[in-house]
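Dear colleague,

My notes on it follow directly after.

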Amino acid sequence: MTWSRVRRVSLGCYRGLAVLKPTTTESSEIQNIALDLPEIPPTPIRRTLHIRHEDLETRVRPLLSCHWHVGHVGRGVHGLEVLSINKLYSFKDFRSAVEFFDALADVQDEEDHHAHVIVDYSNVYISVHTHVAFQPISSATGESKPIKVPGLTNRDVRFAVKSEKLHQKFLEDQRAVTKVPAESARLQEWSMECLRQRYPPSRPQDVRKVEKS
């Protein structure tokens, strides 16, 4: 699946969504999803490093199973790909969406981490990545040093988990609805593949290989 394809999936997969009405069975399913969320990682101290390959299964995949997906922001220094994680939340009405937006603003101030958030009537779309982040890179001399490049960090995981927990409260109050993207499973696996390629097993990324790709 190419980036142009995933853009169509990311933005178009919400057409014709299956709306899950709040029944007892669905409430149980929603609770199971909440239990599967990763623990909130500690707040990064000093330099915020990119997520590691080892974090993908334990911290990012659970978010993808809750219908977060990877987005392509652009390219940073040395042509390194800048990824985001995104999600569309849906609510019963405009007022509920705005109140979620307001509560989310408090989370952003508390975290000192601000996402790109769009309110479209009863929907709230979130896209988040860390603008000031560092990733170890192997230089031409073979030395490993962190360079500044935007991307995904534990700050984004923290924000996504807190967003999920906030949305859960709106679901419990029956002020939100859960909508499943039409190509959810495919998008989840595609997102994981993008993340594995961008964040390979622990070793500094070779800037020479990145520049040639």
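**Helix H3 and its surroundings**

The buried residues of H3 pack against strand E2 (69–75), E3, helix H5 (154–172) and H6. Contact here means heavy atoms within 4.5 Å, and buried means under 20% relative accessible area, exposed over 50% and partly exposed in between (1.4 Å probe, protein chains only). Helices (H or I, at least four residues) and strands (E, at least two) are DSSP runs, numbered from the N terminus.

The model is predicted, with local features requiring pLDDT of at least 70 and side-chain atom pairs counting only at pLDDT 80 or more, while totals for chains, interfaces and linings use all residues. Residues are numbered from 1 along each chain as its sequence is written, and side-chain values use heavy atoms, with hydrogens and water left out.

The buried set in H3 (residues 55–65) consists of Asp 55, Leu 56, Val 60, Arg 61, Pro 62, Leu 63 and Leu 64. Just after H3, His 67 takes a positive phi of about 80 degrees.

With H6 (residues 184–198), H3 packs at an angle of about 150 degrees, the axes being 10 Å apart. Axes are lines fitted to C-alpha atoms, for helices over the stretch in contact, and angles run from 0 to 180 degrees between N-to-C directions. H3 and H6 are therefore roughly antiparallel to each other (angles under 35 degrees count as roughly parallel, over 145 as roughly antiparallel, 65 to 115 as roughly perpendicular and the rest as oblique). On the H3 side, Leu 56, Glu 57, Val 60, Arg 61, Leu 64 and Ser 65 meet Gln 188, Glu 189, Ser 191, Met 192, Leu 195 and Arg 196 of H6.

Strand E5 (residues 123–128) is mostly covered, with six of its six residues buried. Asn 123, Tyr 125 and Ser 127 are buried on one side, and Val 124, Ile 126 and Val 128 on the other.

E5 pairs in the antiparallel sense with E3 (residues 81–91) over six bridges, and Asn 86 stands opposite Ser 127. Pairing requires that DSSP finds at least two bridges between two strands. E4 (residues 116–120) also pairs with E5 in the antiparallel sense, over five bridges. In the hairpin of E4 and E5, two residues lie between the strands, and Tyr 121 takes a positive phi near 55 degrees.

Val 119, in strand E4, stands opposite Val 124 in E5. Val 119 counts as partly exposed because its relative accessibility is 30%. Leaving aside neighbours within four places in sequence, Val 119 is in contact with Phe 94, Ala 97, Phe 101 and Val 124.

With kind regards
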